Amino acid sequence: MGVAAGPIRVVVAKPGLDGHDRGAKVIARALRDAGMEVIYTGLHQTPEQIVDTAIQEDADAIGLSILSGAHNTLFAAVIALLKERDAEDILVFGGGIIPEADIAPLKDKGVAEIFTPGATTASIVEWVRGHARQGAGA
């Protein structure tokens, strides 16, 4: 979906019932301050709403923030919907409280990167810059 011209476009989303969004807002601001266009979806988004927004906004990437423990289910649902909607070129990355043992299986399902507590905003910005448009030739 993403195009190689213009700023990188990132949808930052809080899927599921998790009501804590401070981290998502910090990441959204860091990406915005780095020159990216950021669409923050707000709390309590379904995977369908997130994928719809990403496609409608011609996003290069989706950043998911999960603290509720539902990461395995919700990340997989977003990946499956992107495949179903022929939008696999939208990169999915995530962060939050995600056990180390769950990171490799999430990556096997198609999540490009997981950022756990302690990751710096600078490292996330640089990672997004380096990976968001690989499939689009940037």
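This is a predicted model: local features need pLDDT of at least 70, side-chain atom pairs count only at pLDDT 80 or more; totals for chains, interfaces and linings use all residues.
1. Overall composition. The protein contains 5 helices and 5 strands. Along the sequence these elements follow the pattern β-α-β-α-β-α-β-α-β-α. The radius of gyration is 13 Å, close to the 14 Å that the globule rule gives for 138 residues, so the protein is as compact as a globular protein of that length.

2. Extent, surface and contacts. Taken along the principal axes, the box filled by the C-alpha atoms is roughly 35 × 30 × 25 Å. The accessible surface comes to about 6,700 Å², and carbon and sulfur atoms hold 53% of that surface. Of the 138 residues, 46% count as buried. Among contacts with a separation of 6 or more, 72% are between residues 24 or more positions apart.

3. The sheet. The 5 strands form an open sheet with parallel pairing, in the order β2-β1-β3-β4-β5. Its edges are β2 (37-40) and β5 (113-115), each of which pairs on one side only. From one strand to the next, the twist averages 20 degrees.

4. Pairing around β3. Strand β1 (residues 9-13) pairs with strand β3 (residues 61-66) in the parallel sense over 4 bridges. Within this pair, Val11 has Ile62 of β3 as its bridge partner. Strand β3 also pairs with β4 in the parallel sense, here over 6 bridges. Ile62 stands opposite Val92 in β4.

5. Helix α1 (residues 22-33) lies across β1, β2, β3 and β4 (91-96), and runs at about 160 degrees to β2. Helix α3 (residues 71-84) packs on the sheet as well, touching β3, β4 and β5, and its direction makes about 160 degrees with that of β3.

6. The α3 and α4 pair. Two packed helices are described by the angle between their axes and the distance between the axes. For α3 and helix α4 (residues 100-109), the angle is about 10 degrees and the axes are 10 Å apart. An angle under 35 degrees counts as roughly parallel, so α3 is roughly parallel to α4. On the α3 side the contacts are made by His71, Asn72, Phe75, Ala76, Ile79 and Lys83, and on the α4 side by Asp102, Leu106 and Lys109.

7. His71. This residue is found in helix α3. Is His71 buried or exposed? With a relative accessible area of 3%, which falls under the 20% cut-off, His71 is buried. Apart from neighbours within four places in sequence, His71 is in contact with Ile66, Ala76, Ile97, Ile98, Pro99, Asp102 and Leu106. Of these, Asp102 and Leu106 are also among the α4 residues that meet α3.

8. Val78. Helix α3 also holds Val78, which is buried with a relative accessible area of 0%. Which residues does Val78 touch, not counting those up to four places away in sequence? They are Pro47, Val51, Ile62, Leu64 and Val92. Val78 and Val92 are 14 residues apart in sequence, and their C-alpha atoms are 8.4 Å apart in space.

9. Leu64. Located in strand β3, Leu64 is buried, with a relative accessible area of 2%. Leaving aside neighbours within four places in sequence, Leu64 is in contact with Ala13, Pro15, Ile50, Phe75, Val78, Val92, Phe93, Gly94 and Gly95. Leu64 and Lys14 are 50 residues apart in sequence but 6.0 Å apart in space, C-alpha to C-alpha.

Key: Residues are numbered from 1 along each chain as its sequence is written. Side-chain values use heavy atoms; hydrogens and water are left out. Two strands pair if DSSP finds at least two bridges between them. Helices (H or I, at least four residues) and strands (E, at least two) are DSSP runs, numbered from the N terminus. Axes are lines fitted to C-alpha atoms, for helices over the stretch in contact, and angles run from 0 to 180 degrees between N-to-C directions. Contact means heavy atoms within 4.5 Å. The radius of gyration is taken over C-alpha atoms; the globule rule is 2.2 Å times the number of residues to the power 0.38. Buried means under 20% relative accessible area, exposed over 50%, partly exposed in between (1.4 Å probe, protein chains only). Accessible areas come from the Shrake-Rupley method with a 1.4 Å probe; for residues, only the protein chains shown count as cover. Angles under 35 degrees count as roughly parallel, over 145 as roughly antiparallel, 65 to 115 as roughly perpendicular and the rest as oblique.
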